[in-house]
Amino acid sequence: MKLRPVVVCLLLVVLLFDAARVEGRGTPSVKAKESSKNQQWTSMFVFGDDFADNGNLPKLPGGEPQSDLSRQWSYPYGSYINSRGSAAAVPTGRFSNYRIQSDFIARILGLNAAPPAYMRTLDQSVDPTGMTFASDGAGVFQKKVPTLAAQVKSFTRLINSGIISKDQLRHSVALVAISGNDYMSGADVKNSFLSSFDDIDTYIGNVTAEIVKNVVQLQKLGVRKVLVNNMHPIGCTPMRTSTNNYTTCDLLANYAASVHNKNLKQLMGKKNNANNAYMLDLYTAFTDIINHAPGEGSDQSNKFNNNLAPCCEGFYDTGFCGQQDDTGEPLYELCENPDQLFYWDEVHPTHAGWKAVMKALEQPLKEFLDRAYVP
């Protein structure tokens with residue numbers, strides 16, 4: 001199917017996005033608590049990008065954030081506890097002031113937090129709660145960091161070597177969080193079956209097909225339940241709303257996300273049993289909080305002020321949250337109360353933002369997890 005010129009233009013806008021980052025630090029080993037029902041899901045494996053990365057990108061040498069690729073390891077990232085009386089901030093490699101999506105899903109399963117990062121786990125070992133393979137900047141074709149397929153390949157190696165047992169897989173849930181890096185300016189389009197930008201529909205189709213291909217592979221490997229993010233309303237991120245003084249979303253970019261989601265939903269329906277794979281509707285959950293019509297929206301929407309602005313923002317166009325000058329002085333502005341803003345930085349939600357999103361998704365997610373597995 002060929003796209004009309006206006007659709008091609010809007011998707012080109014998406015392809016020209018500045019690359020977004022979501023960072024995180026390794027989670028300490030945690031013990032599983034009682035899960036919500038019959039205690040069957042005691043392990044979690046996490047794949048994707050910065051929405052779920054908790055430490056797979058390493059710290060750079062030095063104590064300050066030398067670039068936006070290491071900011072997640074420095075203040076004010078992880079500052080949620082500090083703002084409540086702790087002696088010091090606790091950066092954990094996550095692109096947030098505290099918890100991220102995978103942490104909230106883990107807690108729904110009965111775990112304390114998302115499982116430890118793959119790159120921060122001792123060789124030949126895996127935590128009983130699982131492992132996080134997600135890496136900031138990852139996509140399905142984006143090769144600057146391990147792609148989704150490369151992450152699944154690492155997972156496969158651990159299974160084939162017996163480090164991840166069949167029993168652990170039988171009690172496992174996987175999260176696949178792909179949030180748009182393949183549509184950013186740094187996307188490796190030359191290796192993604194796209195010879196030109198004339199047929200963007202083909203490109204989106206290839207991206208979504210690759211996501212579903214890896215979901216099917218996870219199921220073949222023995223993961224019983226797989227959660228897959230759809231695309232959030234990328235036009236409402238502060239990266240896209242800053243040009244309008246954080247007052248309105250970029251409608252064309254949001255429409256592009258809806259094209260991705262339509263393709264993903266169709267492919268998921270064709271390839272997966274509804275008892276075993278489930279699409280998390282981030283698009284609706286985000287929209288109901290930050291971009292709803294007057295008088296509408298979710299109960300959570302009234303908890304936030306200026307929903308399209310970031311809490312932490314660099315002073316300059318090329319700056320970033322956490323940036324410092326040579327003397328250690330901050331080159332960013334930090335809001336007084338992060339709990340009142342949905343977005344933490346130019347792309348990623350605050351702890352309070354993720355909490356609101358996952359509260360909206362919690363009940364249908366629990367219903368999915370309680371469905372009987374179908375071999």
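1. A disulfide here is a pair of cysteine sulfur atoms within 2.5 Å. The model is predicted. A search of the whole structure finds three disulfides. Counting bonded cysteines along the chain, their pattern is 1-2, 3-6, 4-5.

2. Take C236 and C249. Their sulfurs are bonded at 2.1 Å. The link is right-handed, with 110 degrees about the S-S bond. Buried means under 20% relative accessible area. C236 is buried at 0%, and C249 is buried at 9%.

3. Next, C311 is joined to C335, S to S 2.1 Å. The torsion about this S-S bond is about -85 degrees, so the disulfide is left-handed. C311 lies in the loop between α8 (282–290) and β6 (312–314), C335 in the loop between β7 (332–334) and α9, so the pair ties together parts 24 residues apart in sequence. C311 is buried, at 3%.

4. C312 and C321 form a disulfide too, with sulfur atoms 2.0 Å apart. Its torsion is about 95 degrees, so this one is right-handed. C312 is buried at 2% relative accessibility. C321 is buried at 2%.

5. Now the second largest pocket. Its volume is about 330 Å³. The lining has 15 residues, and F104, H351, A352, K355 and A356 lie nearest the centre. α9 gives the most to this lining, seven residues. By type, the lining divides into seven nonpolar, two polar and six charged residues.

Terms used:
Residues numbered from 1 in each chain as written. Predicted model: local features only at pLDDT ≥ 70, side-chain atom pairs only at ≥ 80, totals over all residues. Heavy atoms only, no water. 1 Å grid on protein atoms, 1.4 Å probe; cavity = no way out; pocket = protein on both sides within 12 Å on 5 of 7 lines; lining within 4 Å. Points joined across faces, edges and corners; volume = space filled by probe spheres on them. Helix = DSSP H or I, 4+ residues; strand = E, 2+ residues; numbered from the N terminus. Nonpolar A, V, L, I, M, F, W, Y, C, P; charged D, E, K, R; others polar. Buried < 20%, exposed > 50% of the residue type's maximum accessible area, 1.4 Å probe, protein only.
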